[in-house]
Amino acid sequence: MILISGLIELAEADIDTMKVAAITMALETRMETGCIQYAFYQDIENPAIFRVFEEWESMDALQAHFGSPHMKVFRETLSQAAIVRRDLKKYSVTHSAPLT
């Protein structure tokens, strides 16, 4: 399993643009083969920060996602935004279990 986790922080003026783009991106991505989970979460302490969390069955599925038409639109939209900070990391997971 591959996890992507991190954040995107935008200028305040771009928050609404990010919301619209993130909703479209998440809806389209969750229909992709190999996508287990894909979501954006707006930080309650700083609304300009959006957390990203993704779970993928494989690296191949993630690579296919990178080439998707909705990824291209999302990247184009973000290229027009003032990104203050972007920090996303990829993790390879070999085992997971419920937290008890």
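Reader: Which residues does Ser5 touch, not counting residues up to four places away in sequence?
Author: Ser5 is in contact with Val52, Phe53, Asp87, Leu88, Lys89 and Tyr91, where contact means heavy atoms within 4.5 Å. This is a predicted model, in which local features need pLDDT of at least 70 and side-chain atom pairs count only at pLDDT 80 or more, while totals for chains, interfaces and linings use all residues. Residues are numbered from 1 along each chain as its sequence is written, and side-chain values use heavy atoms, with hydrogens and water left out.

Reader: How do Arg51 and Leu99 come out on the accessibility scale?
Author: Arg51, in strand E3, has a relative accessible area of 40% and is therefore partly exposed. Leu99 sits in the segment after strand E4 (83–92); its value is 87%, so Leu99 is exposed.

Reader: Happy with that. Why are H1 and H3 called roughly antiparallel?
Author: The axes of H1 (residues 15–29) and H3 (residues 69–79) come within 10 Å and cross at roughly 165°. Axes are lines fitted to C-alpha atoms, for helices over the stretch in contact, and angles run from 0 to 180 degrees between N-to-C directions. Under 35 degrees is roughly parallel, over 145 roughly antiparallel, 65 to 115 roughly perpendicular and the rest oblique, so H1 and H3 are roughly antiparallel.

Reader: Which residues of H1 and H3 make the contact?
Author: Thr17, Met18, Ala21, Ala22, Met25, Glu28 and Thr29 of H1 meet His70, Met71, Phe74, Thr77 and Leu78 of H3.

Reader: Last one: what makes a set of residues a nonpolar core?
Author: The residues must be buried Ala, Val, Leu, Ile, Met, Phe, Trp, Tyr or Cys, joined through side-chain atoms within 4.5 Å. The largest such core here has 23 residues, and Leu10, Met18, Tyr38, Phe40, Trp56 and Phe74 have the most contacts inside it. Strand E1 (2–10), H1, strand E2 (35–42), strand E3 (49–56), helix H2 (59–66) and H3 each supply at least two residues of this core. H1 gives the largest share, six residues. In soluble globular proteins, nonpolar side chains tend to be buried together.

How values were computed: Helix = DSSP H or I, 4+ residues; strand = E, 2+ residues; numbered from the N terminus. Buried < 20%, exposed > 50% of the residue type's maximum accessible area, 1.4 Å probe, protein only.
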